[in-house]
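I opened my notebook to see what I could look up in this protein.

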Amino acid sequence: MEIRKIIGIVFSVISLITFSIFICRTEFSIQLQSWISFKYYMQFAPHVLSIMLLYCGLYLIRKNPKSNFALAIFGYTIFELVALDWIGIVSNNLGTITTILFGCCAIIALWIAHSNLLNLKRLSWPEVLISIFIGALESLLLFYLNSIG
């Protein structure tokens, strides 16, 4: 089996495990009043990260040319979220173990994306800048929602 498929399967399994843990901890509400609160939407932020990791894994398994771009978006999003948490701008609600796990996946993802280790489509400079921008947008969107909520 190719290393690309192994990494894709590992990313997919990690994302499904973390997603199932996050779903079990999610409090769903049928009251419209709770849908307006920031706290209600913040509990879904880890789900998005798990889904992003799942897409990265599936792209690697299928050898999609967009794999490096998806890996770069995931990696930069995780690192920007952790950096903003350390600075004190946005608090992430991932937990220590999940942050370390996603951080390890982000290091591997960025290494694969920038070195083109798996011989997929190379990242261009605009794609790198767009992935950094998307990661910052996802991280700072939480800050914006927190400030208005």
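**Entry 1: salt bridges**

I started with E2 and R4, whose side chains meet in a salt bridge at 3.1 Å, N to O. By salt bridge I mean a side-chain nitrogen of Lys or Arg within 4 Å of a carboxyl oxygen of Asp or Glu.

A note on what I am looking at: this is a predicted model, where local features need pLDDT of at least 70 and side-chain atom pairs count only at pLDDT 80 or more, while totals for chains, interfaces and linings use all residues. Residues are numbered from 1 along each chain as its sequence is written, and side-chain values use heavy atoms, with hydrogens and water left out.

Is R4 buried or exposed? R4 is buried, with a relative accessible area of 6%, and E2 is partly exposed at 41%. My cut-offs: buried is under 20% relative accessible area, exposed is over 50%, and partly exposed lies in between (1.4 Å probe, protein chains only).

How many salt bridges does the structure hold? I found two. K121 and E127 form a salt bridge too, with their closest N and O atoms 2.8 Å apart. Here K121 is partly exposed at 45% relative accessibility, and E127 is buried at 18%.

**Entry 2: the overall plan**

Next I looked at the secondary structure, which comes to seven helices and zero strands. I count helices (H or I, at least four residues) and strands (E, at least two) as DSSP runs, numbered from the N terminus. Along the sequence I read the pattern α-α-α-α-α-α-α.

The protein has 149 residues, and 43% of them are buried. I also checked contacts (heavy atoms within 4.5 Å). Among those between residues at least 6 apart in sequence, 77% join residues at least 24 apart.

**Entry 3: helix α6**

I then followed α6, which runs over residues 96–115 and has 20 residues. From first C-alpha to last, α6 reaches 28 Å, close to the 28 Å expected at 1.5 Å a residue. The expected span is 1.5 Å times one less than the number of residues.

Which residues of α6 are buried? I listed T98, T99, F102, G103, C105, A106, A109, L110, I112 and A113. A reminder I wrote beside that list: an α-helix has 3.6 residues a turn, so residues three or four places apart point the same way. What covers the buried residues of α6 includes α1 (3–25), α4 (45–62) and α5 (67–87). Just after α6, I noted that N116 takes a positive phi of about 55°.

**Entry 4: how α1 crosses its partners**

For axes I used lines fitted to C-alpha atoms, for helices over the stretch in contact, with angles from 0 to 180 degrees between N-to-C directions. The axes of α1 and α6 come within 12 Å and cross at roughly 150°. These two helices are therefore roughly antiparallel, on a scale where under 35 degrees is roughly parallel, over 145 roughly antiparallel, 65 to 115 roughly perpendicular and the rest oblique.

Where they meet, I7, F11, I14, T18 and F22 in α1 touch T98, L101, F102, C105, I108, A109 and I112 in α6.

The axes of α1 and α4 come within 7 Å and cross at roughly 160°, so α1 and α4 are roughly antiparallel as well.

**Entry 5: a last look at M42**

I ended at M42 in helix α3 (residues 38–42), which is buried at 10% relative accessibility. M42 and N93 are 51 residues apart in sequence and 7.9 Å apart in space, C-alpha to C-alpha.
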